[in-house]
Amino acid sequence: MYRYDAHDQSLVEQRVTQFRDQVARRLAGELSEMEFKPLRLMNGLYLQLHAYMLRIAIPYGTLSAVQLRKLAHIARRYDRGYGHFTTRQNLQLNWIKLEEAPDILAELAEVEMHAIQTSGNCIRNVTADQYAGVAAGEIEDPRIYSEIIRQWSTLHPEFSFLPRKFKIAITGTEEDRAAVRVHDIGLRMRRNLKGEAGFEVIVGGGLGRTPVIGKTIRDFLPKQHLLSYLEAILRVYNQLGRRDNLYKARIKILVNQLGIEEFRRMVETEWAALEGGDLTLPQAEIDRIAAFFVPPVCATTEAAASDPDPDYALWARTNLAPHKIAGHAIVNISLKATGAVPGDASAEQMEAVADLAARYSHGEIRVTHEQNLVLPYVKEADLPALWRGLQAQGLATPNIGLISDIIACPGLDYCNLANARAIPVAQKLSERFAALERQHDVGALKIKISGCINACGHHHVGSIGILGVDKKGEEFYQITLGGSADENTAVGKIVGPAFAYDEVPDAVARIVDIYQDLREKDETFNACLARLGLAPFKEKLYASH
Amino acid sequence: MPLMVLTANRLRDGEVIYLAQDSRWTESLQEALATENAEEQGRLSALGEAAVEALELVEPYLMPVCRDGDNLNPVSQREIIRAAGPTVRRDLGKQSEQGPSEHV
């Protein structure tokens with residue numbers, strides 16, 4: 001893992017001091033709310049329905065056991081004993097007191113963490129493949145470049161007041177677990193004909209009110225030019241992105257208005273002035289950062305262990321992924337127990353995962369954008385013991401990638417922007433599909449739920465997407481079908497009129513039944529939909545509605 | 001005019017509060033001062049702005065309520081959740097509290 005140097009540590013400590021002073025001035029009346037709000041948002045502090053909410057940055061979703069223990073401590077000491085892992089691989093605490101926020105930031109700084117740039121019109125926390133560094137077939141660990149981008153973008157003076165927020169995601173494999181095509185910039189590592197590693201640069205993707213699949217602006221960008229090219233893109237966006245209309249301010253709107261050819265021409269022109277300059281990455285600097293991410297394990301011939309308990313086999317079937325180092329496995333920890341709040345973890349669970357990570361995964365944990373956790377370095381010989389440890393904390397739900405592994409934003413239960421609840425819809429669906437046999441029969445199918453059009457729950461890219469809307473004070477839910485955030489990115493299509501809150505579980509169950517009736521052998525939901533179109537789903541879904 | 005109460009979030013901790021009789025702020029909706037009178041609603045709004053200046057709260061606004069016997073109930077789902085707490089965690093928020101509410 002990356003460790004802060006003196007500069008990083010000084011920066012976060014200075015920020016704590018600054019924010020402590022800003023909070024004191026606010027409480028003393030020296031700053032109005034209008035003056036203070038942008039300052040608190042720069043430190044991830046929102047005012048939500050019930051209290052202040054603190055969004056803590058987890059850079060590219062990588063945490064140490066020490067950091068996770070600290071998050072558990074903060075959740076217990078300053079909040080209500082739990083936290084919510086988000087689709088941006090961050091952690092949100094929902095019951096924060098303004099007067100205690102500086103103390104929380106000080107505690108975070110003790111473990112090289114902060115909440116800087118988790119809000120505001122700046123470059124947000126860079127997200128990455130949760131299997132970074134351990135995925136089979138990976139070209140390079142995307143966290144090396146995520147960290148380089150983090151350092152470049154943190155408090156970048158030119159990009160602190162962009163037209164709108166800006167999100168970057170990176171993957172190092174062909175398989176896309178980072179949703180790179182629905183980000184403002186997506187970076188996909190690839191090799192050129194000479195075998196050199198670099199990036200496909202994708203620009204102008206996004207969800208929200210206007211879902212857009214990003215377009216490739218450069219097929220191959222050599223690694224040393226990563227920052228100068230990003231700077232060129234950001235400069236064009238910063239200059240031409242709309243600041244007069246909140247809903248048209250994201251880069252996706254600019255790229256669509258200009259067209260990708262013209263946007264590319266402008267970026268390349270800007271880049272011509274930057275190429276070869278100070279932002280060129282020396283190989284020595286790439287190597288220095290890469291050294292932090294060398295896997296701490298070596299191949300082992302130690303025999304893989306198993307457990308005779310049939311529940312172990314069920315867990316191993318869905319929650320383990322192949323590791324690039326022999327004798328090891330990637331372990332997914334589901335935060336989607338039946339009826340649970342997707343992404344929520346209690347302080348006790350966080351501490352348990354930290355302890356298990358320390359014991360079995362070299363003290364490292366990953367947070368996924370699908371609101372689960374990962375232990376990246378587990379010896380196959382340790383899997384049964386780890387499974388029992390997870391089971392004891394209710395963290396061994398064997399449903400990764402299945403229909404009950406649902407993404408849901410906080411929705412109207414917590415969020416000031418939401419129009420409808422998302423969490424209870426997820427809970428009802430997870431209970432509806434609780435039978436594991438049924439889940440395996442359905443197969444891989446992603447349900448994603450957002451409580452408003454801002455789409456924090458990624459509903460546009462769910463095989464079944466659910467969007468909460470407000471109709472004359474009542475919660476209704478629009479269902480989209482056929483979305484995907486992987487290497488076959490697609491935006492789902494609205495199947496028909498919205499459903500009332502109580503009707504959603506039946507509607508989703510009906511859609512799943514229709515799929516199971518119509519699918520050909522081993523055909524995925526999206527493949528079935530692509531073959532048949534929306535019509536049969538729509539016809540049968542609304543036949544009795 | 002619809003029946004309205006004035007609500008806001010307390011500055012120090014973000015707690016949901018309502019304007020009660022005697023210009024007090026309360027955490028309990030049941031203690032809120034509700035009025036259909038437009039002039040009175042204007043007076044409540046002015047008290048809210050004064051409380052902002054006095055650093056008691058942020059973002060005051062009038063919200064519609066309805067009476068059910070002696071109870072005041074919010075009209076919108078958003079305000080129902082603000083007045084009670086998350087529907088998915090009945091152990092949290094005002095709904096979890098026992099005994100009399102605490103005034104600010």
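Predicted model: local features only at pLDDT ≥ 70, side-chain atom pairs only at ≥ 80, totals over all residues.
Local features of the model rest on pLDDT of at least 70, side-chain atom pairs count only at pLDDT 80 or more, and totals for chains, interfaces and linings use all residues. Residues are numbered from 1 along each chain as its sequence is written, chains are lettered from A in the order in which they are written, and side-chain values use heavy atoms, with hydrogens and water left out.

On a 1 Å grid over the protein atoms alone, a cavity is a set of points where a 1.4 Å probe fits but cannot get out, whereas a pocket is an open set with protein on both sides within 12 Å along at least five of seven lines, and lining residues have an atom within 4 Å of a point. Among the residues that line the largest cavity are His114(A), Arg124(A) and Arg150(A).

The second largest pocket contains about 800 Å³ of space; of the 36 residues that line this pocket, the closest to its centre are Asp176(A), Arg177(A), Glu370(A), Lys446(A) and Asp486(A).

Ile466(A) is buried (under 20% relative accessible area, with a 1.4 Å probe and protein chains only), its relative accessible area being 0%. Ile466(A) touches, with heavy atoms within 4.5 Å, residues including Val425(A), Leu429(A) and Tyr477(A), and its C-alpha atom is separated by 8.9 Å from that of Leu481(A), 15 residues apart along the chain.

Note on methods: Points joined across faces, edges and corners; volume = space filled by probe spheres on them. Buried < 20%, exposed > 50% of the residue type's maximum accessible area, 1.4 Å probe, protein only. Lists of a residue's contacts leave out its neighbours within four places in sequence.
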